[in-house]
Amino acid sequence: MSRLRRLIQASVDATKRAISGNLDDLMPPPERPIFSFNSKHELSKWHLYSDSEFGGLSSASLQITESENGVTSGIFSGNLSLDVSEGSKWNISRSGFCGMRSKKFDGFIDLDSYDTIAMKLKGDGRCYISTIYTENWVNSPGQMEDNSWQAFVYVPEGNWYITKIPLARYLPTWRGNVIDAQLEMNPSRILGMSLSINAEGGVPGARSGPGDFRVELDWIKALRTE
């Protein structure tokens, strides 16, 4: 569905809601919280993955921390290794990656009224990868994998930083490789999200290579900027 058609449909739906008396729903709020990282319960909505599942030696953790003024946040940290376990049954072509992926929503979340993903982070100068998972319509119906759309997130070292990523910047990918085709995300059918890191690649100027990584997370929101 094109963006124009979605906007027309959203307008029709808003008119129907207004006619039915639901005036508060006529215009969605300018921002919509998606995730926070201020409690163990919130962190339980995520699970970790790494190359260790395929014979690699990278590791990751996701923990709660509390600052001196009592503010809590989540810390995604670990170690990236390019090595592979001896005698591994997996014939992997690369290692050195870790990630945290949200568990699937109960149904979908509809971000069709928004155009940007915002994250409040405190990082280590590395480049991370933000992924949005949508309902499978790009791949063959016989494949069970969700469609994935990815964008780089550079997180400066030091202070808290709010990064804003337009949805238009997310590229369609399959198993980490960009799909060379003109495809458009359907933001009304989002199944989940992830934040990951690779030892190699990223944006110029970002720290890369094997070794420790650490990023602190406060929240993830959807914004309407247009």
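Strand E3, residues 59-66, pairs with E4 in the antiparallel sense. The pairing runs over 8 bridges. Within it, Ser 61 stands opposite Ser 77 of E4. The two strands form a hairpin, with 5 residues between them. Gly 70 sits in that turn and has a positive phi of about 85 degrees. The model is predicted, and local features such as these need pLDDT of at least 70.

In soluble globular proteins, nonpolar side chains tend to be buried together. Here the largest nonpolar core holds 37 residues. Ile 34, Phe 76, Leu 111, Ile 117, Tyr 128 and Tyr 170 touch the most other members. Several strands each supply at least two residues of this core, among them E1 (31-36), E4 (72-80), E7 (127-134) and E12 (190-198). E13 gives the largest share, 5 residues.

Take Tyr 128 as a way into the packing. Leaving aside residues up to four places away in sequence, Tyr 128 touches Phe 76, Leu 195, Ile 197, Phe 213 and Val 215, among others. Its contacts also include Ala 151, Phe 152, Val 153 and Val 155. Ser 196 and Arg 214 are on the list too.

Next, the cysteines. Cys 98 counts as buried because its relative accessibility is 0%, under the 20% cut-off. Cys 127 is buried as well, at 8%. How many disulfides does a search of the whole structure find? The search finds 0.

Charged side chains come last. Side chains of opposite charge can pair when their charged atoms come close. The count of salt bridges comes to 8. One of them joins Glu 42 and Lys 45, at 3.1 Å from N to O. Glu 42 is buried at 14% relative accessibility, whereas Lys 45 is partly exposed at 32%.

Asp 146 and Arg 101 meet at 2.8 Å, N to O. Asp 146 is buried, with a relative accessible area of 15%. Arg 101 is partly exposed, at 22%. Both belong to a salt-bridge network that also includes Lys 104.

Another salt bridge pairs Arg 207 with Asp 124, at 3.7 Å from N to O. This pair links distant parts of the chain, 83 residues apart. Arg 207 is in the loop between E12 and E13, and Asp 124 in the loop between E6 and E7. Arg 207 is partly exposed at 39%, while Asp 124 is buried at 8%.

Definitions and conventions: Residues numbered from 1 in each chain as written. Predicted model: local features only at pLDDT ≥ 70, side-chain atom pairs only at ≥ 80, totals over all residues. Heavy atoms only, no water. Disulfide = S-S within 2.5 Å. Buried < 20%, exposed > 50% of the residue type's maximum accessible area, 1.4 Å probe, protein only. Core = buried A, V, L, I, M, F, W, Y, C linked by side-chain atoms within 4.5 Å. Helix = DSSP H or I, 4+ residues; strand = E, 2+ residues; numbered from the N terminus. Contact = heavy atoms within 4.5 Å. Pairing = 2+ DSSP bridges. Salt bridge = Lys/Arg side-chain N within 4 Å of Asp/Glu carboxyl O.
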